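The following account leads the reader through a single protein chain, from one pair of side chains to the overall dimensions. Please keep the sequence and the coordinates at hand while reading.

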Amino acid sequence: TEIYTLSLHDALPILSTFMGGMVNSGTISGNVGISISGISTFSGDMVNSGTISAAADGILISGITTFLGSIINTGTISAAHGIVATGATGVSVFDSGTIIGTSGFAINFGTGPNTLTLGSGYDIQGKVVGSGTDILQLGGTASGNFDLATIGATQYEGFTTFNVVGGVWNTTGAFGQIQTWNVNGGTLAGTGT
C-alpha cells in the first residue's frame, strides 16, 4: 500500500478544469490527505472506499468556482478536520463509512446550500458545521439509526432542511428545531419526537 498526499493544486498548477472524478481504495496519508484548490471547475465524484489519514485535513476543497459531483465515503477519513469544503458552493457529501474529526470538526461546509446524506452504517465523530441553508438527509437503501437530539449545537448545526430520501430510519431523541422533516422516500420511524 502506498502512502502519499494527493494535491491537484501542487501537481497540476496550470489546470483550470478537472473532469472525471477521483477514486481512492487504498491508503492516503500526510498533513492533508486530498487537497483540491485553485481550480475553476471540478467535475465528477470523489469516492473514498479506502483510508484517508491526515494530521490536518482529510479532504480539503478550496478556491473552486464550480464543484459538480459528490464526495462519497464508504471507507474511513480520520484527521483533525475530516472534510473541509469551505472553498466551494453546493457541495454534496454521502457518508455510509466513518468520518472522524480528531481535534476539530468532522465536516465543515462553506457557502450553501450544501447537502449531507447519511447512509446506513455511517459513523461521524465530531462536529458537522453547515452554512445555515444546508440540507441534512437520511438515505440509502438499508435501515439505520439516527438520534434527533444531535441536531443543533450538539453535533449537526447550520442545517435548515431535513429529508428522508431512502432506507428505513429508526429515530431516538427529541428534535429541537422548528423545521419539519420531509419524507421524500424511505421510512421515518422509531421513538424520536
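At 28% relative accessibility, K127 counts as partly exposed, a class that lies between buried, under 20% relative accessible area, and exposed, over 50% (1.4 Å probe, protein chains only). E157 is likewise classed as partly exposed, because its relative accessibility is 29%. The side chains of these residues, K127 and E157, meet in a salt bridge with an N to O distance of 2.9 Å; the term requires a side-chain nitrogen of Lys or Arg within 4 Å of a carboxyl oxygen of Asp or Glu. The structure holds one such salt bridge. The pair links distant parts of the chain, with K127 in strand β15 and E157 in strand β17, 30 residues apart.

Some conventions apply throughout. The model is predicted, and local features need pLDDT of at least 70, side-chain atom pairs count only at pLDDT 80 or more, and totals for chains, interfaces and linings use all residues. Residues are numbered from 1 along each chain as its sequence is written, and side-chain values use heavy atoms, with hydrogens and water left out.

The chain has one helix and 18 strands. These elements are DSSP runs numbered from the N terminus, helices being H or I with at least four residues and strands E with at least two.

Which residues touch the most other members of the largest nonpolar core? They are I107, L116, I124, F146 and Y156, in a core of 41 residues. Such a core is a set of buried Ala, Val, Leu, Ile, Met, Phe, Trp, Tyr and Cys residues joined through side-chain atoms within 4.5 Å. At least two residues of this core are supplied by each of β4 (27-37), β7 (51-62), β11 (81-85), β13 (98-109), β14 (115-118), β15 (123-138) and β17 (156-172). The largest share, five residues, comes from β17. For I124, the contacts (heavy atoms within 4.5 Å) are D95, I99, A106, I107, L116, L118, Q155 and Y156, not counting residues up to four places away in sequence.

Strand β11 shows how neighbouring elements are joined. Four of the five residues of β11 are buried, so this strand is largely enclosed by the rest of the structure. Three bridges join β7 to β11, and the two run parallel; strands are taken as paired if DSSP finds at least two bridges between them. Three bridges also join β11 to β13, again in parallel. V84 can be followed through both pairings: in β11, V84 is the bridge partner of L60, while in β13 the bridge partner of V84 is N108.

N24, found in strand β3 (residues 22-24), is buried, with a relative accessible area of 6%. Its contacts, leaving out residues up to four places away in sequence, are V47, N48, S49, G50, T51 and I52. S70 lies in strand β9 (residues 70-73) and counts as buried because its relative accessibility is 17%. With the sequence neighbours up to four places away again left out, S70 touches G44, D45, M46 and S92.

Two loops deserve attention. The place of P113 is in the loop between β13 and β14, and the peptide bond from G112 to P113 is cis, with omega near 5 degrees. G152 is placed in the loop between β16 (143-147) and β17. G152 is buried, with a relative accessible area of 13%, and touches E157 and Q177, not counting residues up to four places away in sequence.

What radius of gyration would a compact globule with 193 residues have? It would be near 16 Å, and the chain has 16 Å, which agrees; the radius is taken over C-alpha atoms, and the globule rule is 2.2 Å times the number of residues to the power 0.38. Along the principal axes, the C-alpha atoms fill a box of roughly 50 × 35 × 30 Å. Of the 193 residues, 46% count as buried. Among contacts with a separation of 6 or more, 55% are accounted for by residues 24 or more positions apart. The accessible surface of the chain comes to about 8,000 Å², of which 53% belongs to carbon and sulfur atoms; accessible areas come from the Shrake-Rupley method with a 1.4 Å probe, and for residues only the protein chains shown count as cover.
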